[in-house]
Amino acid sequence: MLKTGLRRSLKRTHGRGNGRNLEIKARARNFEKQMQQAERLAGASARHLEQEDTFFNVPVGRLKLRKFEDGSAELIQYSRHDSPGPTESEYTVLRIQDAERLRQVLAKALGIRAVVRKRRAVYFVGQTRIHLDRVEGLGAFIELEVVLDSDQDIRHGAAVVEDLMLKLEIEKEDLVPAAYVDLLI
């Protein structure tokens, strides 16, 4: 179940539904050890989520309907260049009341590209969200998302990413340039 504290944190980091972050995705070398390191850095236990992301065919960026195990959902549009290094992502998030109905409408209008299911442990370290994911059909991954304020330069986010990569033992060869949906297809 999506906990109230996490909802508040997500709302705060998403602002008014628009935001940007600098992020990396990597294959987890040692999932359990990296989870312990993330917990130590966060100074708190993880928020555990189960997510189902339905991706739709769109001409620009990516569009997904994310459903949580408690029945809540968000429609997320984001644009990001595929790159193995820290990459800036711009996103818009809209909370959804009737996820299944919206899924049907979007599937009819755009077509479904793929569905990604994952179990996610989320840690918060400063302005960074650390995700440790077990993705159905793909394996174990770790993501770092440095949520940037409007006045922050991406160099700031890159410095945070590099520092956390060292602390979490993420090597450059572990980095993955694509989204889970692209890896599945």
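Two strands count as paired if DSSP finds at least two bridges between them. The views below come from a predicted model.

**View 1. Strand 7 and strand 8 pair in an antiparallel hairpin.** The pairing of strand 7 with strand 8 runs over 8 bridges. Within this pair, R134 stands opposite A140 of strand 8. The hairpin leaves 3 residues between the two strands, and G137 in the turn has a positive phi of about 85°.

**View 2. Strand 6 and strand 7 also form a hairpin.** Here too the sense is antiparallel, with 8 bridges between strand 6 and strand 7. V122 stands opposite H131 of strand 7. There are 2 residues between strand 6 and strand 7. G126, in this turn, has a positive phi of about 60°. Strand 7 is mostly covered, as 7 of its 8 residues are buried.

**View 3. D133 is a buried residue in strand 7.** The relative accessibility of D133 is 0%; buried means under 20%, so D133 counts as buried. The side chain of D133 makes a polar contact with the side chain of Y180, at 2.7 Å. With neighbours within four places in sequence left aside, the residues in contact with D133 include K118, R119 and R120, as well as G139, A140, F141 and E143. F31 is also among the contacts of D133, and F31 is one of the buried residues of helix 2.

**View 4. Helix 2 covers residues 31–42.** Its 12 residues, at 1.5 Å a residue, should span 16 Å. The expected span is 1.5 Å times one less than the number of residues. Helix 2 is followed by G43, whose phi is positive, near 70°.

**View 5. Helix 2 has a buried side and a face turned away from it.** The buried residues of helix 2 are F31, Q34, M35, Q37 and A38. These residues cover an arc of only 165° around the axis, and therefore lie on the same side of helix 2. On the face turned away from the buried side are the exposed residues Q36 and R40.

Technical notes:
Residues numbered from 1 in each chain as written. Predicted model: local features only at pLDDT ≥ 70, side-chain atom pairs only at ≥ 80, totals over all residues. Heavy atoms only, no water. Helix = DSSP H or I, 4+ residues; strand = E, 2+ residues; numbered from the N terminus. Buried < 20%, exposed > 50% of the residue type's maximum accessible area, 1.4 Å probe, protein only. Arc of directions from axis to C-beta. Polar contact = N/O pair within 3.5 Å; in protein donor to acceptor, adjacent residues only side chain to side chain. Contact = heavy atoms within 4.5 Å.
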